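Please read these notes with the structure open beside you. They go from the whole chain to single pairs of side chains.

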Amino acid sequence: MVFFAGSLLISNLALQMGAVKGKLEKRLRNRSGVSWEIGSLSWTPWTGVQVRKVVVEGTAAGGSSSVHSLCRAELDIKLHWGSLLRGALDLREVRVRSGQIAIPMELLFLLGDEENQSKAMDSKPSPVPVPPVERQESERKTANKKQKARPSLEHKKASLAAASSFRVIIDQCDIEVYSNEADGNPALKLRNLSGELPLGGKDSSGLIRCEGLSVGSHFFKMDWASSVEWQHPSLKLPPAEVVWNGFTIRSEGVLQMLGTPRFAVRIDIPAGDRPSNEIALPSGVGVKLGAKRLSLRGALSGSLTLLSSWRGDLAVDARGISLGRDGTNQDVLFSEGRMMAVVRGGRFNVLDARLQSERLSLLGNGVLLPNGQLGGVMRIVADQDYASTLTRFAIGALWTGGWTRSWLMPMETPDRYYRDIVLEGTVNQAKVNVGRKGERMDLEQAWSRMLAFLRKEALEPENIMTARSAEPVSSQ
């Protein structure tokens with residue numbers, strides 16, 4: 001007993017030596033290509049290995065002079081001690097505590113290069129499992145007989161691979177995606193992600209939950225949670241339903257862990273009338289959105305580490321849409337709206353997005369690249385009354401820098417006016433050409449000036465969006 005206690009003490013002292021930590025940090029750096037720093041190492045046979053103050057840093061890129069931390073976390077690692085007798089190192093559990101994980105968009109962009117693509121093609125991963133289709137009982141029996149009669153070599157390997165259990169536990173972690181071209185500001189962030197994810201061994205279940213999602217400076221609270229199921233070699237998100245803002249959202253997904261990791265997710269909001277017209281938007285946006293009827297269909301799949309292989313489709317359709325400022329009853333009404341978007345070759349393309357009515361329509365398209373750059377154009381088409389209102393609005397919001405006769409241009413169609421608003425830049429540093437002669441303005445600045453003008457107008461007898469300008473239109 002004394003010998004065991006002494007050995008445990010000496011081994012932990014050895015792990016604290018700079019030479020031991022330095023050797024481990026070097027091996028991790030050589031394998032990952034990024035810098036690792038470990039604050040301390042310790043272990044016991046009961047609690048496993050404790051790795052504290054882990055810092056992973058990438059290299060400066062995209063013109064940024066600073067180095068952004070890819071990961072900051074505390075790790076608890078448990079092993080299958082019996083594997084050490086075979087000269088192997090099998091993990092049983094990895095717990096990530098209070099992790100801060102940041103993924104640069106430039107790194108995602110590199111995942112789509114030709115070298116990685118050829119490697120993925122050579123590995124020939126098996127297809128991602130799809131939700132099972134009900135089969136006849138006779139087909140099941142025939143399939144079972146074939147499997148029992150002639151077990152394949154792959155089946156034996158799969159059984160061996162499933163022998164050792166492995167689980168990842170996440171305790172209150174944040175995961176963000178940022179761009180070096182935007183000074184490292186997060187473009188998308190998952191807040192307070194937690195869960196238990198079985199990724200090996202016998203069939204088992206786990207749980208994953210998330211507090212919300214931040215896009216730029218706006219936070220969307222979700223309080224989303226779902227069970228997950230491990231069925232070798234895949235982690236499945238079983239079909240589930242959750243009610244959000246009166247909408248029933250259905251989702252399911254799968255992550256295949258054998259060979260090249262592949263994934264597939266699907267989300268669906270079936271069409272239906274809502275008991276409440278208003279859709280809750282994050283605080284600070286300053287506008288309210290409503291829809292009497294909404295449907296959504298989306299799917300995304302591909303190799304997890306090969307962005308160019310990702311394929312996705314999104315279709316949104318809405319009826320009876322209202323758009324206005326928080327705290328007011330003067331809304332602009334649109335008879336219909338829709339959006340069609342795809343993910344191909346690492347690009348997110350909005351093929352068609354529109355809000356339409358007989359007097360005012362917004363028509364647009366755009367693209368988001370993996371490195372965070374974006375571009376888009378929205379055409380505003382308005383009748384004469386709305387053109388005058390929008391001109392007054394642009395002047396009052398200080399977009400034009402002074403008085404202008406008209407903020408829009410006449411179309412060939414009688415009594416119709418238009419303006420093309422071009423969006424370009426990055427997710428965190430986008431600009432729009434809202435000036436009198438098309439001068440560009442920072443998107444955040446343009447938005448802030450718009451909200452300030454709306455607040456000022458709300459205190460005056462005449463509001464910018466009068467009830468006469470926002471009279472309902474019949475559905476097309």
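Notes on the salt bridges

1. One partner to begin with. Arg52 has a relative accessible area of 25%, so this residue is partly exposed. Keep in mind throughout that the model is predicted.

2. The chain as a whole. The protein chain contains 9 helices and 23 strands. It has 476 residues, and 35% of them count as buried. The exposed surface comes to about 27,800 Å², with carbon and sulfur atoms supplying 57% of that area.

3. Contacts along the sequence. Consider the contacts between residues at least 6 apart in sequence: 49% of these join residues at least 24 apart.

4. How many salt bridges does the structure hold? The count is 18. Three of them are described below, each with its place in the chain.

5. Glu74 and Arg52. The side chains of these two residues form a salt bridge, with 3.7 Å from N to O. The pair links distant parts of the chain, 22 residues apart: Glu74 belongs to strand β4 (residues 69-79) and Arg52 to strand β3 (residues 48-57).

6. Arg167 and Glu196. Here a salt bridge joins the two side chains at 3.6 Å, N to O. Arg167 sits in strand β6 (residues 166-178) and Glu196 in strand β7 (residues 186-200), so the pair links distant parts of the chain, 29 residues apart.

7. Arg379 and Asp420. The side chains of this pair meet in a salt bridge with an N to O distance of 2.7 Å. Because Arg379 is in strand β19 (residues 373-382) and Asp420 is in strand β21 (residues 417-426), the pair ties together parts that are 41 residues apart in sequence. Arg379 counts as partly exposed, with 31% relative accessibility. Asp420 counts as partly exposed too, with 27%.

Methods. Residues are numbered from 1 along each chain as its sequence is written. This is a predicted model: local features need pLDDT of at least 70, side-chain atom pairs count only at pLDDT 80 or more; totals for chains, interfaces and linings use all residues. Side-chain values use heavy atoms; hydrogens and water are left out. A salt bridge is a side-chain nitrogen of Lys or Arg within 4 Å of a carboxyl oxygen of Asp or Glu. Helices (H or I, at least four residues) and strands (E, at least two) are DSSP runs, numbered from the N terminus. Buried means under 20% relative accessible area, exposed over 50%, partly exposed in between (1.4 Å probe, protein chains only). Contact means heavy atoms within 4.5 Å. Accessible areas come from the Shrake-Rupley method with a 1.4 Å probe; for residues, only the protein chains shown count as cover.
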